Amino acid sequence: SNTEIHGCGNQENTFPCRRNAVLEGKLSELGYSSPKARKTGTTIAGIVFKDGVILRADTRATDDMVVADKNCMKIHYIAPNIYCCGAGVAADAEVTTQMSSNVELHSLSRGCPPLVTVTRQLKRMLFRYQGHIGSSLIVGGVDVTGAHLYSVYLHGSYDKLPFLTMGSGAGAAISIFEDRYRQPGSEMLKKLVRDAIAAGIFCDLGSGSNVDLCVITQAGVQYLRGYDQPAQKGKKEGQYKYKPGTTAVLTKTVTPLPLDIVDESIQLMDTQ
Amino acid sequence: MVGVEDLVHFRYYVSSKTINKLIQVHDRIFCCIAGSLADAQAVTKAAKFQISFHSIQMESPPLVKAAASVLKELCYNNKEELQAGFITAGWDRKKGPQVYTVALGGMLLSQPFTIGGSGSTYIYGYADAKYKPDMSKEECLQFATNALALAMGRDNVSGGVAHLVVITEEGVEHIVIPGDKLPKFHDE
């Protein structure tokens, strides 16, 4: 009926969930547990300034306590004037932003999309999956009505704010914003967002490596990968190798092993 | 008159202190939301569309009861999936000002005043004691402000700024009271 909200209903009854439950049961019989989804453990931040929007993200993807990717891209392209940062499960953030092809089709008949359109499509999709797509997004861009910044959370709620942070490092980053944010015209906003991401990288274990920067203005987009490297790996202070001759050699015996060639075969590698 | 605070949290992290919980579903009808923000936003978006369509078909502004019914239908028919409650309030030509509450499972009740949300449990006593029928606008504002301030004082997941909206035949008036301007009570 047309009074239905398109939620996914009783999620536990859908095929993938039942299959996963069966697999989990079989694996735990053998003593293993199924692999956990890789989360990005992120700090992403966005801020609206006088001429447009700045989006910044760290580049570390973690798999529990191991850094899975030291330089992953968290700022995704959606439209020429709209970019989106994703936090949460890495695969889910990627999938959500593959709607850029939908947006391209939409813009063929409707022109450059306004930010609200993109936000609404993202929010509808996430709500339909009732939080099982584990990605929280910051959508920022410049459209005909100006520069805007929206947040969309994994269950499908959204909010429009002049500055936003998300991810595991959001707490550290938002504290910088809350303390020092002033009106949009001010120049120190660029430094503010740099400091916010740096706070996330230093104060959160799940964020780190480089910082990506994306500045979107009416004139165009500047996407700078590896813009900043706040945490430099230190140089080793001492020598950890032993000099040859440290251990005295008392006796030396050489025994040649007589080996015969039994079989010889050549396999060419396809190097095209 | 309707009043809300504007804090939303995700487990122990306050995700926003400036979220809008007073959604205007029509010119003279507002809706306060409580519960899951995602569910409430989805429901009010659908309700806003249905109410506006209904008012075009009827060629007149919708009745507050109609708006509340739309929300009730959405809540009741999807009660397994949704976790959101609403207070619908507004003015219409037939019955004047009205307040309806749509609870979690889809119950619709008309009441002279109502409170809702996690912080409401702390002010049931206050509301029952202090409510009088036929209050003036200033008395009503004071009642709502005090109630919100008391609830925000005791409920850890309510807070921020208090938003009040006064809906009359003439129009809609927004009143915003920042946290530090709220009335202070014992021990604050």
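Student: Which strand of chain B pairs with β1(B) over 3 bridges?
Tutor: Happy to start there, and keep in mind that this is a predicted model. β1(B) is joined by 3 bridges to a strand that spans residues 162–167 of chain B, and the two pair in the antiparallel sense. One bridge links B:V4 to B:H163. The strand you are asking about is β9(B).

Student: What is the order of the strands in the open sheet of 3 strands?
Tutor: The pairing in this sheet of chain B is antiparallel. Its edge strands, each pairing on one side only, are β1 (2–4) and β10 (172–177) of chain B. Neighbouring strands are turned by 15° against each other on average, direction ignored. Read across, the order is β1-β9-β10.

Student: Which helix packs on that sheet?
Tutor: Look for a helix of chain B that touches β1, β9 and β10. Its direction makes about 155° with that of β9(B), and it covers residues 137–154. That is helix α4 of chain B.

Student: Which are the edge strands of the sheet of 5 strands?
Tutor: This open sheet of chain B is antiparallel and has the order β4-β5-β6-β7-β8. An edge strand here pairs on one side only. One end, residues 22–26, is joined by 4 bridges to β5 (residues 29–35) of chain B, with B:L22 and B:C32 as bridge partners. The edge strands are β4 (22–26) and β8 (108–110) of chain B.

Student: At about what angle does α2(B) run to β6(B)?
Tutor: Two helices lie across strands of this sheet, so let's take them in turn. α1(B) lies across β4, β5 and β6 of chain B, at about 20° to β4(B). α2(B) lies across β5, β6, β7 and β8 of chain B, and its angle to β6(B) is about 165°.

Student: What area is buried between chain B and chain A?
Tutor: Here 21 residues of chain B are in contact with 23 residues of chain A. In chain B, the residues that lose the most area are B:Y13, B:K45 and B:E81, together 29% of what that side buries. Carbon and sulfur atoms give 57% of the buried area, which is about 1700 Å².

Student: Which element gives the most residues to the side of chain B that touches chain A?
Tutor: The elements giving two or more residues are β3 (13–16), α1 (37–58) and α2 (64–77) of chain B. By class, this side has 10 nonpolar, 7 polar and 4 charged residues. With 9 residues, the element that gives the most is α1(B).

Methods:
Residues are numbered from 1 along each chain as its sequence is written. Chains are lettered from A and ligands numbered from 1 in the order in which they are written. This is a predicted model: local features need pLDDT of at least 70, side-chain atom pairs count only at pLDDT 80 or more; totals for chains, interfaces and linings use all residues. Side-chain values use heavy atoms; hydrogens and water are left out. Contact means heavy atoms within 4.5 Å. Buried area is the accessible area (1.4 Å probe) that two parts lose on being put together, summed over both. Ala, Val, Leu, Ile, Met, Phe, Trp, Tyr, Cys and Pro count as nonpolar, Asp, Glu, Lys and Arg as charged, and the others, Gly among them, as polar. Two strands pair if DSSP finds at least two bridges between them. Axes are lines fitted to C-alpha atoms, for helices over the stretch in contact, and angles run from 0 to 180 degrees between N-to-C directions.
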